[in-house]
Amino acid sequence: MSRDDGDRGAVNSDRQRLEIKTNTSASNIDANSVGGEIMTHHWRLMLPSETLKFQTDTANHKAGDFIDPHRFWHIFQLKDAAGNANGQPLATLTLVSSGGKGQLEFRNNPDADYADRVKPLFTIPFDKVVDRWLDINVTILTADNGYIYGKVVNLETGEVLFDDGMTAQTYRRPQAKDPITGRNDRVDLPVEPGQQNRSKWGLYRGIYNGPGDAAYADEFQAATMYIADVHLVKRDGNSYIFPNGWNPNVQSKDVVAWARPKEITASKGTAFSSLGLPSQLDVTMSTGKTEKVNVTWSSAGYKPDSIGTSKIYGAFSGPGITNTKDIKPYIDVNLSDYKNWAVAPGAAIKVVSQSGGTSNLFIDNDSATSWQANSSLTKTPANQSGYQYWAAIKLEKKIDVSKIQIEWNSNSSFLKNYQVYSTNNAAAYNELVEGGALSDTSTATRKPLQTANGASWIPIPGVGKTTALINSEKADRTLAEPVAAQYLLLVSDVTLSDTAGSIKSNVFRAFGEPSGSRATLEDLKLDGTSLTDFKPSQTSYTHTLSSSALTLPNVEAVAPGMDVKIVYPSDYRYNPVNVTVSDPLGVLANTTYKINFISPENLILASSLSLNKNSFNLAVGKTEALQAEVSPDETPNKTVTWNSSNNTVATVDQNGLVTGISAGTAVITAKIGSLSKTSMVTVMAAADIPTATGSVNLLDPSRFTPQAGVNLKASSEASGHPGVDALSTGGRGYWRNSSPNVYMSNYSPSSLALSLDLGTPKTIDKLYLEIPNTIPNIQSNATRFEVYYSNDPNSWASAPTASDSADNYDWKAHGWTLAGGTETEGLFSYATYNGQRWGYDNKTFLYPFTARYVMVNTVLVGPRDKRTNDNNSMMGISGLVIYGKEPISNATALVPAKDTYSTWDQISPKSTQISLANGQTLTSITKGVATLRPTIDYSLSGNTVTFTLPYLAKLPLGTNEFTFNFNNGDPSIYALDVTARGYGMNDKTIKMNAIEGVSPYNVLGGAMGTDEPVEGVTKRIRDAYHEFYGDQPRATAADDHVKSVWDSTCKKCVQGV
C-alpha cells in the first residue's frame, strides 16, 4: 500500500484528498486486478457525527442535521490505472444526497463520461451508519459482464444492512463515438498495456469550486473518518462462487474485443493458403478473461495479383464461445511486387571483416545504417595476403531471386569490381570464416571462390561490374530469368591505399518469391511442337509466325495436376496470348505466361474465334443461327467451317444455322485454321424447353389433358367456345363468356373465372394468355386479370362452374390466395395469327407459389350496354400457358426453408438452421452464378446460417433462391421472399388522392412496387432506393419531387398528386 495525500486543501485546489492505495508497480500486481480476476476488498469503517452532521448552524441547516453532500465524496474507489480512463473511478463507496437526504452508496460507474450510466449496488441512509463501526466486504469480478457483491454489517448489533450483488461493467476498454447517439461507447479493442484496477481508501471530496457553489459554501466543515482492518483477497477465478450463489464460471463467454495481429507482408501472387495467417487470436471475453480463440479466415476479396494493403476478414469459433455483436477480426495483408528475403533475423550474413559488429546492418532493410568493413581491408600492411571484399548471405529459404539491390555509402571507389554469385550448397556458405581486423595471420576467408566448395558459387548474369566502382555506388538489377538459390555471395577485388578509410555498405536486398510456391508449366507447345527454349521460370516468350499461316498456332500448355486457362487476344498484334496456371487446391500461387506473336510484314492472321452462345435449347423442327466472330477485323480470311457431332439430333449449315431433328444433344463446332469453338445444343419437344428458372409448360398436352368439370372449370362458356379452348394455341380457338348476363346490372364487378386442377402441387412462376382478335375493346373488357391459388380441395369444390348469370366470386372466403405481382391493367402486346393481331399478356410472378389448384379470374366491370350488346360483352382467353416445376424437396432439411424479408420494416437479419448429418459441413452458398462471401454476406454459427443486413438490403424484390452446398449429399434450397410491403411511414411517404380510373404508378423513374410500393392510395419511396443510387439524378430528382409536394404541417400528406 502507499499513502497519497497530495491535495490537502492546497491553495486554489477544488478538492481534498487523504488516501491509502495500492501501487501499480510490477511487483505489486497481485494487489490489483485485471480482466477476469476476482478481488475481495475488506475494510471496517466508522463515520462519526462530526463528519455526517453539521457542527454549527448554516444558512440552510441547523447544527445536528445530517449533511447534504453537493459534490463528490468518496470513501473507497476502484480506479483505472493506465488505459483510456486512467484515474477515473469505476466503483466507489460515496456519500451522496438523494431526495434531500444523505446516503452512503456503493455504485458502479461503467465509464468516465456519463453520470446517467451510474448503477448503485446499495444505498443506506446516514442514520443507519453514523457513529457505528461497519464491516464492509465488496467482491468484484473485473469484466465487461462483471459482477459486484457487497455485504455491510453493523458490528455493534450484528444487523446486516445489505447482502446482495449485481452485474456490472467493471472493465474499461477503449471507446469511440457512436455515430447515432453521439456518445462514447466501448469498441472491440482490448485494454491498453499496463491497465489494471487499483483500490483506494480514504477521504476524497470536492469542495468550493467557483461561484456556483457560493450558496452552500458555509456548509464546508472538517471531516473525520476511521478505517481499520483493510485487506485484499484475490480469489481463484476457476472455482470461486460469490457468497450469494452467483457463479462466474457458468456465464456465457461472449467475444467483446480482440488483439490486432501484426500486418503480414508478402509478394504479389502469394496464394491465400501461403500467407501464414494466424489460426488463433487473443480475444477478450465478456467474462474479462483473454483466451486464444480459433479464427477462420475468408479468402473473399483477397486479390493475390494486386499490390497494396488489403484487409482479410475472419470469423471466431470455438466450444462455448458466442459472438452476439458479430465482431469480425481482420488482418492487414501488404502485397508488394517483390519481397526482400535478405532481411535479418530471417536471413543471416557473414562478412570478410567488420568494425563493431555491424555486419547485420547490411541486411536490415534500412539504407540509413551500414556494415562497416574494418579499415585494415584497404591497408597495404594488413592486406598483403590478398583479402577480397566479400559478404555471403543465407536467405530465409530457397528463393526464386528476380531482383537484387546493393548500395554503398562510403569508400566504394576502392572496389575494383563486383560480382554476385548464388548456390544451394550449404557447405559453401558454412565454410566461410568471418574476420575483424585483418592481418597475414587472420583466420578470415581470403578468397571465397577458392575454398573447398568455392566452385559451387555460380555467377548471376547481369549482377556485376568489371570496372571500378564510384563512391556511393548503387546497383539495382532485375534478372532476365529468376535464379533459384538460398545463398548469395558478393565479391569484389580491393584497391589498397594507406589513406583509405573503411568501406561502408548499407543495402543488400534480394527480391523474389519462395521456390516452388507457384503453379508452373511443365511444357509449352505451339501446334503440337514444344518450344525449344521453354523454362518453367521464364514467363515471357516471343514467337515469329510462318508466312504461310492462316491463324495463330494452337497453344498447348502442359501442367500435370494444375488448372490451365488459355486466353487468346482479340488482336495478337497488340496483346499476347495469356496462359494462366493455377493450383486447384489453392496452395500454390498462379503463374501467367505471355506469348507474343510476330507475323511477317503485311500478314494479318486470325487470332481469335468466338461464338455468341456456349449452349442453347432448341425445339424439334425449329432453327437457330449461331454467330461466329473472327478477330482482328483486318484479317483477310474469315471463312468458318461448321459441323455437328450428331446429325440425327441437330444439323448445321455453313452459315451456322442449326436445325433441331430429334431429342438429344449435339456439339456444334466452328473452325478456322487451328482455332475452334463449340456450342452444345439440346434438342427437345417445345413444351419441354424450360424457362430461365427451369420451369416448363404445365398445360402442354403431354402433361395435361383438359376435361371439363374434372380438372377444368369455367364460370361461363359460350356454345362453340368452351372452357377447354382457353388452352388452344396458334389462334385456333378461344374460350369466351356465354352472354352479356355475366355482367352485373350496375357497375359492380363480376367474375369470369377459369379454374384448373394440375393433379399435384407445382411451383409456378409464370403465366401467359391471349385475347382473341374477335373480341373488340380488349382493354375495356379485360379490366383486370387476377390469379389465385390453393391446395385445399374445398377451394377447388367451390370454384365457379358454367352459368349464364353474373357472380362476384369471393375467392378469399373460399380459401384461395392472390398470387403476388399478377394484376394487369389491360393488354398492350400482340401476337399475329393469319394476319390478325391477338393481344397477349406474359406475367412473371414476383413471388412464385406452390399449388395444385389455379384460378385465372377476369374481373368484369363496365357500363350497362355490355348487358344488352352481345358483341360488346364478349370476353375470354386463349393460348393459356402456366409455367412451373416440381416443388423443391431438400434432402438436408433447412428450418425454415422459406421466409420473408421486408425492405421496410425488417430490423434483424434472417437465419435458417441446417440439419447436418453424416459428417456434412456447409462448403458454400450460391445465388445463381454468384457465391456468397462468408462473414460478409452471411455468418455460420454451429448449424445456423445468418444472412447479414447489408447483404439483405441489396436483394431484389421477389423470391430469391439460395443453394446451400455441402461436402457430401445433394444441395438444399433456401427461398427468401423479399417484399417492399411495410407498416408505418418514413419521411418520404406520400398520401395521394385517387382519381377515378387512375392508380398511383411512378415517381420519376422508380421501379413500381420496388422503390415506390403502392398500398391503396399510399405510395412510399423506399429509403434504400436513395441510399443505393446516392447522388445520381434519378434519386435526387425523386427527392426533389417529394420536397415539392411535402406538407410540413401534416408531415404525411399532400393534395392533388
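Q: What is the relative accessibility of Arg-573?
A: This model is predicted: local features need pLDDT of at least 70, side-chain atom pairs count only at pLDDT 80 or more, and totals for chains, interfaces and linings use all residues. Residues are numbered from 1 along each chain as its sequence is written, and side-chain values use heavy atoms, leaving out hydrogens and water. Buried means under 20% relative accessible area, exposed over 50%, and partly exposed in between (1.4 Å probe, protein chains only). Arg-573 counts as partly exposed because its relative accessibility is 31%.

Q: Which residue forms a salt bridge with Arg-573?
A: A salt bridge needs a side-chain nitrogen of Lys or Arg within 4 Å of a carboxyl oxygen of Asp or Glu. Here the N to O distance is 3.2 Å. The partner of Arg-573 is Glu-634.

Q: How many residues apart in sequence are the parts tied together by Glu-634 and Arg-573?
A: Strands and helices are DSSP runs numbered from the N terminus (helices H or I, at least four residues; strands E, at least two). Glu-634 sits in the loop between strand S40 (628-631) and strand S41 (641-644). Arg-573 sits in the loop between strand S34 (563-567) and strand S35 (577-582), so the parts tied together are apart by 61 residues.

Q: Is Asp-144 buried or exposed?
A: Asp-144 pairs with Arg-186 in a salt bridge, with the closest N and O atoms 3.9 Å apart. Arg-186 is in strand S12 (residues 184-186), while Asp-144 is in the loop between strand S8 (133-141) and strand S9 (146-154). At 5% relative accessibility, Asp-144 counts as buried.

Q: Which strand holds Lys-910, the salt-bridge partner of Asp-899?
A: The closest N and O atoms of Asp-899 and Lys-910 are 3.2 Å apart. Asp-899 lies in strand S56 (residues 898-902), and the pair ties together parts eleven residues apart in sequence, since Lys-910 lies in residues 910-914, strand S57.

Q: How many salt bridges does the structure hold?
A: Some of them share partners: one network joins Arg-17, Glu-19 and Lys-200. The count of salt bridges in the structure is 26.

Q: How many bridges join S49 to strand S53?
A: Strand S49 (residues 750-771) is mostly covered, with 18 of its 22 residues buried. Two strands pair if DSSP finds at least two bridges between them. S49 and S53 (residues 836-860) run antiparallel, and Ser-750 has Leu-860 as its bridge partner in S53. The number of bridges joining S49 to S53 is 17.

Q: Which residue in S54 is the bridge partner of Thr-763?
A: S49 and strand S54 (residues 876-885) run antiparallel, joined by six bridges. In S54, Thr-763 has as its bridge partner Lys-885.
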